[in-house]
Amino acid sequence: MLQRASDLDASFARAWSALGASELLRLPYSDGGEPAFELSERSLIRALVEAPDMIGDAAVPLILARVERGDRVAAYRDAKALVAAWPANSRAHYALAYVFR
């Protein structure tokens, strides 16, 4: 359903974000594996392209997923940039702190 919604309106950032989140949930609870992570990453990045202010719904989940996957360098880079762009946003700071955990 979410894939269809994002196909129907490619600029609907909420659909991309929800698709990315649903694919992230598939990782620990099913055999989604690498394809699920890649689809999630592409979807969350697309959500951020369409709506760069989707910090809690797209940017933070993307950073957390990269940490869990073991890509701490990319996660740190993205979290640092997120805090620089949105210094008053607590979720941005949470993402940066999560990288250091």
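Hi everyone, let's start with one serine: setting aside neighbours within four places in sequence, Ser 40 touches Gly 20, Glu 23 and Leu 24. Keep in mind that this is a predicted model.

Where does Ser 40 sit? You'll find Ser 40 in helix H3, which covers residues 33-50. Is this residue buried or exposed? Ser 40 is buried, at a relative accessible area of 1%.

Helix H4, residues 55-69, packs with helix H5, residues 72-85, at an angle of about 150°, and their axes are 7 Å apart. The angle is over 145 degrees, so H4 is roughly antiparallel to H5. Their crossing is left-handed. On the H4 side, the residues involved include Ile 55, Ile 63 and Val 67, and on the H5 side they include Ala 75, Ala 79 and Leu 82. Sorted by class, this contact has 9 nonpolar and 4 charged residues, with no polar ones.

H5 also packs with helix H6, residues 90-100; here the angle is about 155° and the axes are 8 Å apart. That makes H5 roughly antiparallel to H6, and this crossing is left-handed. Who makes the contact? From H5, we have Tyr 76, Lys 80 and Val 83 among others, and from H6 the list includes His 93, Leu 96 and Phe 100. By class, that is 11 nonpolar, 1 polar and 2 charged residues.

Key: Residues numbered from 1 in each chain as written. Predicted model: local features only at pLDDT ≥ 70, side-chain atom pairs only at ≥ 80, totals over all residues. Heavy atoms only, no water. Helix = DSSP H or I, 4+ residues; strand = E, 2+ residues; numbered from the N terminus. Buried < 20%, exposed > 50% of the residue type's maximum accessible area, 1.4 Å probe, protein only. Contact = heavy atoms within 4.5 Å. Axes fitted to C-alpha atoms, helices over the stretch in contact; angles between N-to-C directions. Parallel < 35°, antiparallel > 145°, perpendicular 65-115°, else oblique. Left-handed = near helix turned anticlockwise from the far one by under 90°. Nonpolar A, V, L, I, M, F, W, Y, C, P; charged D, E, K, R; others polar.
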